[in-house]
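Work through the exercises below with the structure open. Try each task before you read its solution.

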Amino acid sequence: MNITGVGIWSAPLRYGDQGEAAEAAAELEELGFGALWIPDVGGPVFDSVENLLSATRQAVIATGILNLWMHAPADVAASYASLTAAHGDRFLLGIGVSHAPLIDAGDPGRYRRPLRAMTTFLDGLDAAEAPVPAGSRVLAALGPKMLELAAARSRGAHPYLTTPEHTRFAREQLGDGPLLLPEQTAILCSSRDEARVIGTKWLGSYLALPNYANNLLRSGFSEDDIVGVSDRLFDALIAWGSPETITSRITEHRDAGADHVCVQLLDADPRAFPRAQWRKLAEALG
């Protein structure tokens, strides 16, 4: 499984019309994007993985991330074995602990000791009848302890909603061997006002989650930056402007130690497949 270059992170590939998702995935592969990443906040995620694997020939399909609270390790291992048997070694299992407000909303008190929960989940994958190889899984990791676990028990880390400075920190924590695969949010637009219309509410919903807020506080941002979604924070987390501006941010991540960067292009309609924007980004990447 070769995971280098630039990929695409997309919620519509997961939750949009699956016929259009298949068409879009085939085009993204033709455009040169080597990996396609999809989220998991409930529902039959492996059906979507199957749909994207069937629509492509070589691209890696990755979960960014599989929510461990919503799945049993034995079931995940069985689905992984079935998908790789049918499509080869192209499924990268990204696993994450999600966020207390989301998990506890339906079952108060369930979200406890996330590092131990991740360790237990990995133990379950290892103990399954057909184990998921450590080389075919990565962990959503922001802080030192989860990054350490990612280096020890998986192929690497998939940080989300971070900066090139965090990529440099994560590389130092991981060392030279493990993969580092950050997500970078981006908006193709002509002005800050346009970027703000598309991105401020989207970003604010993530900043309300403590895992992201705490990571940004560790990274040197203030409570005021987070509560008010300051321009400083907005610009650090979202690359906006021309395709060249976005490719420049990708280069910053690569220079900081990333092996692969998956770009999430936001559209004014969050349910739409931003296919025109993907084409422009591919053209800028050459």
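Buried means under 20% relative accessible area, exposed means over 50%, and partly exposed lies in between. Keep in mind that this is a predicted model.

**Exercise 1.** Is aspartate 126 buried, partly exposed or exposed, and which residues form salt bridges with aspartate 126?

Solution.
- Step 1. Aspartate 126 has a relative accessible area of 36%, so aspartate 126 is partly exposed.
- Step 2. Arginine 137 forms a salt bridge with aspartate 126, with the closest N and O atoms 2.9 Å apart. This pair links distant parts of the chain: arginine 137 is in strand S6, aspartate 126 in helix H6.
- Step 3. Arginine 153 also forms a salt bridge with aspartate 126, and here the closest N and O atoms are 2.9 Å apart. Arginine 153 lies in helix H7, so the pair ties together parts 27 residues apart in sequence.
- Step 4. Check the arginines. Arginine 137 counts as buried because its relative accessibility is 1%. Arginine 153, at 18%, counts as buried too.

**Exercise 2.** How do helix H2 and helix H3 pack?

Solution.
- Step 1. The angle between H2 and H3 is about 45°, and their axes are 8 Å apart.
- Step 2. That angle makes H2 oblique to H3.
- Step 3. The crossing of H2 past H3 is right-handed.
- Step 4. H2 makes the contact with residues including Ala21 and Ala25, and H3 with residues including Asn51 and Leu52.
- Step 5. Sort the contact residues: 6 are nonpolar, 3 polar and none charged.

Note on methods:
Residues numbered from 1 in each chain as written. Predicted model: local features only at pLDDT ≥ 70, side-chain atom pairs only at ≥ 80, totals over all residues. Heavy atoms only, no water. Axes fitted to C-alpha atoms, helices over the stretch in contact; angles between N-to-C directions. Helix = DSSP H or I, 4+ residues; strand = E, 2+ residues; numbered from the N terminus. Parallel < 35°, antiparallel > 145°, perpendicular 65-115°, else oblique. Left-handed = near helix turned anticlockwise from the far one by under 90°. Contact = heavy atoms within 4.5 Å. Nonpolar A, V, L, I, M, F, W, Y, C, P; charged D, E, K, R; others polar. Salt bridge = Lys/Arg side-chain N within 4 Å of Asp/Glu carboxyl O. Buried < 20%, exposed > 50% of the residue type's maximum accessible area, 1.4 Å probe, protein only.
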